Structure formats: structure tokens, C-alpha cells
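User: I would like to go through the charged pairs and the metal site of this model, with each label set against the criterion behind it.

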Amino acid sequence: MRKAILDEFKLEPSELFLTAIHTHSAPSPTINKEKGHPNNVEYTENLKGKLTEAIRSALNNMGPVTVGCGVGYCPIGANRRELNISPSGQSSIRLGRNPYGPTDKEVLVTKLAKPDGDAVAALFGYATHATCLGPKNYAISGDVLGLAEQFVEKILGEGKIAPAFAGASGNIDPWFRVLPAFNNEPGWIPEPVLLGTMLGEEVVHVYRAIETVRGGGEINTAFTILKLPSKPSDETAAKKDLPPTPLAITAGRVGDIAFVGIGCEVLTEIGLAIKSASPYKNTFVIAHCNGAAGYLAPGHLHIEDGYEIRSSPFAPAAADMVVKQAVAMLHKL
Ligand SMILES: [Zn+2]
């Protein structure tokens, strides 16, 4: 899809931040007719057409905008790496809630407005999986992030858009996900709506407080593919010399707002490290951007094991290399 878009519109790789949010409430994207379910292939082809049309429409309707950024706070993300002690005293990490684990509660909002002040869009970022709809759900939905988008767009009014970015959310689930057990029969939506509304309310609150739009100036972008040390993603596999695992990093800067897109499911500690080392006032860290390489966990969590570690293709040393690279790219921009 990325290649199709770059070719069609003759864009440089750094000029496309093709990003997804992570729900469990849509078909699995694939264009592989042999391996993919026909419904999923059809859905993906359809999505490709819609994306292409959206980009064409955007490029054909370009005009000057001013940009401003604001920061809020929302509690709906929970660190999910819960410590479990078995009756025999063995410790392990399971999917649940970890009150001691870090989360990133920041709601980052960028307001785009026409020079006359008329609002165009509110882009926002928040670090959570959007997986509150239960495993029995078959409705296609953006889940908590999509519901927050809908809430914001409803309030901003006709023609305004509010796209969400999933921040560094590899180990962050929505508050209602696994615990406490809640009703998740098909069509049951109160919890996702509650969480989406809480996030959407905060986006609107921040958006309305952004008074000074600062112009923005030039847009600078950069793109690189890092070759990172690998580990077997299946622990039973023999450890041998594995080829490096590629990871796309995309960076952009408009005025004092920065964007770092990482082509995998990046854990929240890594996003916090990039944000805190960024030379810009506001830095969006965007997961699932221009790639889907799997989980990337900070080195120190490898000793704890757990789902994200076991399924990750990256060796413990990879995370620090990504932070270093991303921060270097931000400085260059
Ligand atoms: Zn995930």
C-alpha cells in the first residue's frame, strides 16, 4: 500500500507517514490472494482505493494553514504487564494491569487552521492499543481511538477532521480490556464509548485552549531503515546467526512540533525516552508508522519475559539504537 501511494503521487519515502491504529475490530489487512482470506483481501483492496482517493483529494486542495500545539492528560491507558506469582512461587508477566508499570498519559493535540482562523483539523496522539471491544465483536470499528475521533469531529463540526495517532503503546491497553471482566457480547459498546469519550473530551479541551497558532514555516522530513539485531521470535527456535531485522523510522518537523514514526509496535518506555530527549517542545511518537515489524521492547524488560518480549523479533540492544537514531534525526531536522 505504501509503495502504491509513493508511486502514484511521486512522493519521497520521508514524505509519507502511513500510520495505523491497532484495533482487534477490523479484518487483517492483506493483499496476498493465496494466503489471505478473500474477505480480508477485498477489504484491503477497498481500503487502498479509499486511502489513495483521500490523498489525492488532500493534494488537490492544498492551502496555507497555521499550526499550534497543546498538551493534555487522559487516564484511559493502563500498563498491561502484570506480575503473576504461581502457587509454587514462580513469577511471570501476563496480560492484565500493572499499577507500577509506566504509562504515557499525554494527550498531544495539533490544531490546523486557515489563515482567517477557521479550523481545519485536530490531529491528536495518545498511547494505547484500541482494543476495548471484546474478542466476540465483529463490528468494524476504530475502538477507543476511533470513537474519540468521532467524538471530536462531532464537536468540531462539518468538514473538520480529527485523525488519531497511536503513541508508543506496545504494552499499554485501554483501561477496560482484560480486567475487570466486563460484558463483551457482540454489540456491547458502553466501555469503549466511555473511554473514547474521555479521550475525545480531553482533545477538545486542549484544542479549545490553543490560542497562539505559530505559523509553522517549512516542513522538514527524514526517513531511514535501521538494521537491528534480531532474536528468534519463537523461544523454542534454535539460536543461530539471524539476519538483522529492518525497522523504518520516519521523522518530520513543522516549527517546534516534531513527529517520529516507528514501523513497529513500540513499547511506551521507548516513546517516553524519545520525547524526553527531543529538542522540540512537542513531539509526537507514532507507532505502526510505515511498517509493522512487531514488538520493540526496552532492553531491561527482556529479563522479565512476557508476551511482547516473546513475540518480538528484536534483540535487547535494539531499543537504545532506535532511541539514539530517532533523536539524532530530530536534531538534524
Ligand atoms: Zn499489540
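User: How many salt bridges does the structure hold?

Analyst: The structure holds 13 salt bridges, the term standing for a side-chain nitrogen of Lys or Arg within 4 Å of a carboxyl oxygen of Asp or Glu. This is a predicted model, in which local features need pLDDT of at least 70 and side-chain atom pairs count only at pLDDT 80 or more, while totals for chains, interfaces and linings use all residues. Residues are numbered from 1 along each chain as its sequence is written, and side-chain values use heavy atoms, with hydrogens and water left out.

User: Why is the contact of Glu45 and Lys48 called a salt bridge?

Analyst: The N to O distance between the side chains of Glu45 and Lys48 is 3.9 Å, and because the criterion asks for a Lys or Arg nitrogen within 4 Å of an Asp or Glu carboxyl oxygen, the pair qualifies. Glu45 and Lys48 are three residues apart in helix H2 (residues 38-60), and so are separated by about one helical turn; helices here are DSSP runs of H or I with at least four residues, and strands are runs of E with at least two, numbered from the N terminus.

User: What makes Lys48 partly exposed?

Analyst: Lys48 has a relative accessible area of 25%, and the label covers values between buried (under 20%) and exposed (over 50%), computed with a 1.4 Å probe on protein chains only. Glu45, at 33%, is therefore partly exposed as well.

User: Which residue forms a salt bridge with Glu82, and what does the pair tie together?

Analyst: Glu82 forms a salt bridge with Arg94, the closest N and O atoms being 2.8 Å apart. Glu82 lies in strand S3 (residues 81-85) and Arg94 in strand S4 (residues 91-95), so the pair ties together parts that are twelve residues apart in sequence. Glu82 counts as buried at 13% relative accessibility, whereas Arg94 is partly exposed at 42%.

User: How do you know which atoms are donors of the zinc ion?

Analyst: Donors are N, O and S atoms within 2.8 Å of the metal (3.2 Å for Na, K and Ca), and sites may look incomplete because water is not among the atoms. His129 (NE2), Glu265 (OE) and Tyr295 (OH) coordinate the zinc ion at 1.7 to 2.4 Å, and so they meet the criterion. Of these, Glu265 in strand S12 (residues 265-266) and Tyr295 in strand S14 (residues 295-296) link distant parts of the chain, 30 residues apart, and both are buried.
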